[in-house]
Amino acid sequence: MISRASKLAAVTAVAAAAALAGCASATSTSTSTAAGVPAFPVTVTAANGPVTIKAKPARIVSLAPTATEDLYAVGAGGQVVAVDQNSDYPLTAKKTTLSGLTPNLEAIARYQPDLVISYQNANGLVTSLTKLGIPVLIEPAAATLNDAYAQIDQIGQATGHLEQAQRTVTAMKAQIAATVQQAGSSHPDLTYYWELTANPYYSITSSTFIGQIVGLFGLKNIANAADKASDGGYPQLSAEYIVKAQPRIIFLADNQAADGGQAPAVVAKRPGWSAIPAVQHDEVIGLNDDIASRWGPRLPQLVAEIAQAVERASR
């Protein structure tokens with residue numbers, strides 16, 4: 001889980017990371033064995049350009065919680081020797097004090113990795129590790145669902161688990177499609193507010209990755225009207241703006257203790273918020289903050305949480 005302080009600091013950088021995600025292509029080249037198992041070397045094109053991995057990596061370091069989840073989902077967990085301090089899922093992941101936000105290159109090198117995956121190129125990560133002969137994949141925040149799927153495929157390719165990666169993506173797509181079909185994809189009368197942080201109140205617009213996820217259900221985002229070009233899709237709202245907008249559903253991505261503890265009961269006690277329909281009708285949804293801040297294999301769970309709220313609000 002990311003602390004509230006880290007989350008606030010990251011809000012200003014998320015837009016840039018999302019923009020980079022659009023540059024990350026999941027293209028790859030490799031040879032294959034007769035059994036269809038990808039052989040090495042493999043070249044994948046991540047956000048930092050083409051990266052060649054000469055042999056199946058046996059010592060992987062992940063500096064990104066989403067990448068960690070992807071690695072274990074595609075079957076590469078046994079190759080992971082260290083993950084960053086925010087990688088708390090799965091519980092079996094080898095959590096360390098390593099940081100993806102401010103990576104310590106010497107500390108990373110001590111694990112003798114033959115592949116490092118991160119969500120950003122900080123502190124000269126790519127240049128420095130490449131000089132040591134260590135390939136680095138930069139897999140930034142996904143801008144679309146297809147980006148999220150492509151990253152899983154790419155990580156599967158880079159680690160020798162492409163087939164399991166493809167199965168993972170196929171299952172995710174099926175689960176999400178079924179959930180949306182059940183809840184319905186057209187709810188223009190339902191307005192929502194997505195809270196990233198409180199004091200100040202940061203939200204998301206429909207152009208963001210999360211905004212597109214909620215958009216699968218056809219909900220109307222109250223933050224859209226407040227967005228400016230400089231916000232990058234993550235506007236800061238006032239309490240007065242939110243109350244006046246009268247959202248029918250409030251999603252809290254900051255309800256766990258480390259993220260600010262903004263649980264539904266806390267929201268209900270905010271001055272003036274008792275007049276909001278979402279508060280009046282118990283449609284303040286405390287999400288799993290970790291799942292709501294990642295774009296990996298647990299996305300179907302986030303979609304299911306949103307769907308449940310939509311179904312209740314539609315009755």
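## A serine tucked into a strand

Before anything else, keep in mind that this is a predicted model. A handy place to begin is Ser118, which touches Leu63, Ala64, Gly100, Leu125, Leu137, Ile138 and Glu139, leaving out residues up to four places away in sequence. Ser118 belongs to strand β6, which covers residues 115–118.

Is Ser118 buried or exposed? Its relative accessible area is 1%, so Ser118 counts as buried, the cut-off for that being under 20%.

## Two helices side by side

Now find helix α6 (residues 162–183) and helix α12 (residues 299–313). Their axes sit 9 Å apart, and the packing angle is about 0°. Angles under 35 degrees count as roughly parallel, so α6 is roughly parallel to α12.

Which residues do the touching? On the α6 side they are Met172, Gln175, Ile176, Thr179, Val180, Gln182 and Ala183. They meet Leu299, Pro300, Val303, Ala304, Ala307, Val310 and Glu311 of α12. Sorted by class, this contact between α6 and α12 has 10 nonpolar, 3 polar and 1 charged residues.

## The nonpolar cores

Helix α12 turns up again inside the protein. The largest nonpolar core holds 61 residues, and α12 gives the most to this core, with 8 residues. If you want to pick out the core members with the most contacts inside it, look for Trp194, Phe217, Leu219, Ile249, Phe251, Leu302 and Ile306.

Take Leu219 from that list. Setting aside neighbours within four places in sequence, Leu219 is in contact with His187, Leu190, Tyr192, Val214, Ile249, Phe251 and Val310. There's also a second, separate core, with 16 residues, and it includes Ile222, Ile242, Val243 and Leu252.

## Salt bridges

Side chains of opposite charge can pair when their charged atoms come close. How many salt bridges does a search of the whole structure find? The count is 8.

One of them joins the side chains of Arg312 and Glu283, at 3.4 Å from N to O. This pair links distant parts of the chain, 29 residues apart: Arg312 is in helix α12, while Glu283 is in the loop between α10 (277–280) and β13 (284–286).

Another bridge brings together the side chains of Asp231 and Lys228, with 3.6 Å from N to O.

## A salt-bridge network

Glu69, Asp88, Asp290, Arg294 and Arg298 are linked in a network of salt bridges. Within this group, Arg294 pairs with Asp290, their closest N and O atoms lying 3.7 Å apart. Both Arg294 and Asp290 are buried.

## A glycine in a loop

Last stop: Gly260, in the loop between β12 (249–252) and α9 (264–268). With a relative accessibility of 28%, Gly260 counts as partly exposed. Where does Leu196 lie relative to Gly260? The two are 64 residues apart in sequence, and their C-alpha atoms are 9.9 Å apart in space.

Terms used:
Residues numbered from 1 in each chain as written. Predicted model: local features only at pLDDT ≥ 70, side-chain atom pairs only at ≥ 80, totals over all residues. Heavy atoms only, no water. Helix = DSSP H or I, 4+ residues; strand = E, 2+ residues; numbered from the N terminus. Buried < 20%, exposed > 50% of the residue type's maximum accessible area, 1.4 Å probe, protein only. Contact = heavy atoms within 4.5 Å. Axes fitted to C-alpha atoms, helices over the stretch in contact; angles between N-to-C directions. Parallel < 35°, antiparallel > 145°, perpendicular 65-115°, else oblique. Nonpolar A, V, L, I, M, F, W, Y, C, P; charged D, E, K, R; others polar. Core = buried A, V, L, I, M, F, W, Y, C linked by side-chain atoms within 4.5 Å. Salt bridge = Lys/Arg side-chain N within 4 Å of Asp/Glu carboxyl O.
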